[in-house]
Amino acid sequence: MSTDETIAALSSGALPAGIAVLRVSGPAARLAMETLAGGVPEARRASLRTFRTADGQAIDRGLLLFFPAPHSVSGEDLAEFHIHGGRAVAAAMLQALTTLPAIRLAGPGEFTRRAFENGRIDLTEAEGLADLLAAETEGQRAQALAQAEGGLRVVADGWMRRLLRARALIEAAFDFSDEGDVDDDVAASVSGEVAALAAEMRASLSAARRGEIWRDGFHVVIAGAPNAGKSSLLNALAEREVAIVSPIPGTTRDVVETRLDLGGIPVRLSDTAGLRALDDVVEAIGIERARKALTEADLVLHLVAPGDEPDAVEAAAPVLRLRTKADLGPEGLPAKFDLAVSTRTGEGLAALVDRILAAASGAAGDPALVVPARLRHREIITGTLAFLDGYDPVSQPPEVAAETLRLAADRLGALTGRTGVEDLLGVIFGEFCIGK
């Protein structure tokens, strides 16, 4: 993707709509305005114009705005054409724009990628924008906005400043060892700073699961024997028919998932195959997937039908034992169970939702807390820690110790996009829609 080219795209919502916004970014943005609108308006002021094709045919009448470089969202000259939101109108405008020399349709995320390449945002802010576009719950929106506004960048920049200072001190210690203004105890000072920095990074990693929950969802797995009421409970919690319900044992042969919004927290609810020993190859595959889901759960709902006893569930996550089909008796909550529920009468469902919400809230914490929410973030911080843990100015020559800190800084720089991310850019910006 060359920044010498000018890109154009519909940047507003699906058509038809009341208004459509077309963006044009790049060196030919002025040409687009002069050709289609008869001139370039005053910067950042809306101007009412009639938009025409290159041969003078009127397309529509609307507003034109101009944002000159570098003070635009892309860091380039950027024009916005606000037109009526009909499909034919938008298509005619895009056709008129892309027939001009050096203007082409934009690819997914190309406007945001140019903002990154022009220094308007860093890589963590770009990822926050992608998460903001994908947010489905209030908590996801809050977390994504905190990152899009530079929350993680501020933390990473603070780490980088301390790391660069440590490098400078240790390098000065051996470059100017014969100078009187170099502290003899600099190695101990740097070691203390490196240890404190490593401790902060570990604390950030330990809180990373909270960010992962806000981004991907609190994972609740429904488990139990066949015909324990798992699919019925999934449908009841989702308030729609997600899974097939049948009196025939083994109806569910795969993991069936749906997503809920509980108090702004995204919850991923998984119905699994009934756990039992059998010779059916297909159902056995489903049971194996059920066991795998149990190892990945944040909370397990272990369902037991009347007349059965709860078996042990192999899961690292907390387990809520539910007596299902409470409308069939016996009355009261039997020992060894946390709740009794009935999908037919609704008994116990509100209490169950409250328990799930309490568990999810405790695990997720504050959505605005700045944590490394993506796997890429965690891998980079873990890699930086590996270098910091290898820093030992006592047993290492000073040159090796300094090189260790340089490698740590290079690795940390990939978090915000300063180093080593070229191979990731297509993947990251491919998450965006066209026009963003």
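In this predicted model, the largest cavity is lined by Gln143, Ala146, Gln147, Gly151, Leu152, Pro367, Ala368, Leu369, Val370, Val371 and Ala373. The elements that contribute two or more residues to this lining are α5 (138-148) and α6 (151-175). Among contacts between residues at least 6 apart in sequence, 60% join residues at least 24 apart.

**The cavity and its lining**

- The count of cavities of 30 Å³ or more comes to 1, and the volume of the largest cavity is about 70 Å³.
- Helix α5 gives the most to the lining of the largest cavity, with 3 residues.
- Sorted by class, the lining of the largest cavity consists of 8 nonpolar and 3 polar residues, with no charged residues.

**The aromatic pair**

- A search of the whole structure finds 1 aromatic pair, and its members are phenylalanine 51 and phenylalanine 81, whose ring centres are 5.3 Å apart and whose planes stand at 70°, so the arrangement is edge-to-face, the class for planes over 60 degrees apart.
- Because phenylalanine 51 belongs to strand β3 (residues 47-52) and phenylalanine 81 to strand β5 (residues 78-85), the pair ties together parts of the chain that are 30 residues apart in sequence.
- Both phenylalanine 51 and phenylalanine 81 are buried.

- The structure holds 27 salt bridges, and in one of them the side chains of aspartate 131 and arginine 215 meet with an N to O distance of 3.0 Å.
- This pair links distant parts of the chain, since aspartate 131 lies in helix α4 (residues 123-134) and arginine 215 in helix α8 (residues 208-216), 84 residues apart.
- Aspartate 131 is buried, with a relative accessible area of 11%, whereas arginine 215 is partly exposed, with a relative accessible area of 25%.
- Glutamate 136 and arginine 259 form another salt bridge, in which the closest N and O atoms are 3.9 Å apart, and because glutamate 136 lies in the loop between α4 and α5 while arginine 259 lies in strand β8 (residues 256-262), the pair ties together parts that are 123 residues apart in sequence.
- Glutamate 136 counts as exposed at 59% relative accessibility, which is over the 50% cut-off, while arginine 259 counts as partly exposed at 39%.

- Arginine 406 and glutamate 403 form a salt bridge whose closest N and O atoms are 2.6 Å apart.
- Because these two residues are 3 residues apart in helix α13 (residues 398-416), arginine 406 and glutamate 403 are separated by about one helical turn.
- Arginine 406 counts as partly exposed at 27% relative accessibility, and glutamate 403 likewise counts as partly exposed, at 33%.
- Glu5, Glu76, Arg104, Glu110 and Arg114 are linked with one another in a network of salt bridges.

- Helix α9 (residues 230-238) is largely enclosed by the rest of the structure, because 7 of its 9 residues are buried.
- The buried residues of α9 are Lys230, Ser231, Leu233, Leu234, Asn235, Leu237 and Ala238.
- The elements that cover these buried residues of α9 include the strands β7 (218-224), β8, β9 (265-271), β10 (299-304) and β11 (319-323), together with the helix α11 (349-364).
- Strand β8, among the elements covering the buried residues of α9, also holds arginine 259, the partner of glutamate 136 in the salt bridge described above.
- Directly after α9 comes glutamate 239, which has a positive phi, near 60°.

Note on methods:
Residues are numbered from 1 along each chain as its sequence is written. This is a predicted model: local features need pLDDT of at least 70, side-chain atom pairs count only at pLDDT 80 or more; totals for chains, interfaces and linings use all residues. Side-chain values use heavy atoms; hydrogens and water are left out. On a 1 Å grid over the protein atoms alone, a cavity is a set of points where a 1.4 Å probe fits but cannot get out, and a pocket is an open set with protein on both sides within 12 Å along at least five of seven lines; lining residues have an atom within 4 Å of a point. Grid points are joined across faces, edges and corners, and a volume is the space filled by probe spheres set on the points. Helices (H or I, at least four residues) and strands (E, at least two) are DSSP runs, numbered from the N terminus. Ala, Val, Leu, Ile, Met, Phe, Trp, Tyr, Cys and Pro count as nonpolar, Asp, Glu, Lys and Arg as charged, and the others, Gly among them, as polar. Rings of Phe, Tyr and Trp (its six-membered ring) pair if their centres lie within 6.5 Å; planes under 30 degrees apart count as stacked, over 60 as edge-to-face and the rest as tilted. Buried means under 20% relative accessible area, exposed over 50%, partly exposed in between (1.4 Å probe, protein chains only). A salt bridge is a side-chain nitrogen of Lys or Arg within 4 Å of a carboxyl oxygen of Asp or Glu. Contact means heavy atoms within 4.5 Å.
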